[in-house]
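Try each one before reading its solution.

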Amino acid sequence: MTKIRRIVLFLAVLLLASSHAVGMMAASPHVNVLTIKGTINPVLVDYVKRGIEEAEDSHAEALIIQLDTPGGLDTAMRDIIQLMVNARVPVVVYVAPSGARAASAGVFITMAAHVAVMAPNTAIGAAHPVSSGEERETPMSETMQEKGLNDA
């Protein structure tokens, strides 16, 4: 074999070995974690979207969303739920740390998870729609309040 062929063969073997090593590193089992603390809002929708995309791109075994929320906006909650249920990676909602809560919108986000887990001394509940912003200035009729509750 000529010297050039040996060099080309050596480089090809080196390239295959390095690509295999990179593939092994990318495939190492891992779990991604997002932390949501506070009101559910449109900024969190983007945060969750990026977190899911990163978990999918890195081939994570799962995405854990550590949640502590008093609730938030209905539209943001529904967007987050849609992202979670359409994720190609299992999404675990973990209500934590102790003393945390998943109230209002947090209830529905927790229920939409592939797996829902709660740390000791945490709470879930109070899933009742409330008005915010301009909606407060003009009270809703009883019928509209009932429709909102039934929709939630």
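**Exercise 1.** Which residues of strand β1 (residues 31–37) make up its covered face, and which its uncovered one?

*Solution.* First, some ground rules: this is a predicted model, where local features need pLDDT of at least 70, side-chain atom pairs count only at pLDDT 80 or more, and totals for chains, interfaces and linings use all residues. Residues are numbered from 1 along each chain as its sequence is written, and side-chain values use heavy atoms, leaving out hydrogens and water. Strands are DSSP runs of E, at least two residues, and helices runs of H or I, at least four, numbered from the N terminus. Now sort β1: Asn32, Leu34 and Ile36 sit on the covered face, while Val31, Val33, Thr35 and Lys37 sit on the uncovered one.

**Exercise 2.** Find how β1 and β2 pair, then trace the chain between them.

*Solution.* Start with the sense: the two strands pair in parallel over seven bridges (pairing takes at least two DSSP bridges). For one of these, go to Val31, whose bridge partner in β2 is Ala62. Then follow the chain from β1 through helix α2 (residues 42–57) to β2: this β-α-β crossover is right-handed, that is, clockwise from first strand over helix to second with the strands pointing away from the viewer.

**Exercise 3.** Work out why helix α4 (residues 105–112) counts as largely enclosed.

*Solution.* Take buried as under 20% relative accessible area, exposed as over 50% and partly exposed as in between (1.4 Å probe, protein chains only). Seven of the eight α4 residues are buried, so the rest of the structure largely encloses this helix. Those seven are Ala105, Gly106, Val107, Phe108, Ile109, Thr110 and Ala112. Their cover includes α3 (74–85) and β3 (91–95), with contact meaning heavy atoms within 4.5 Å.
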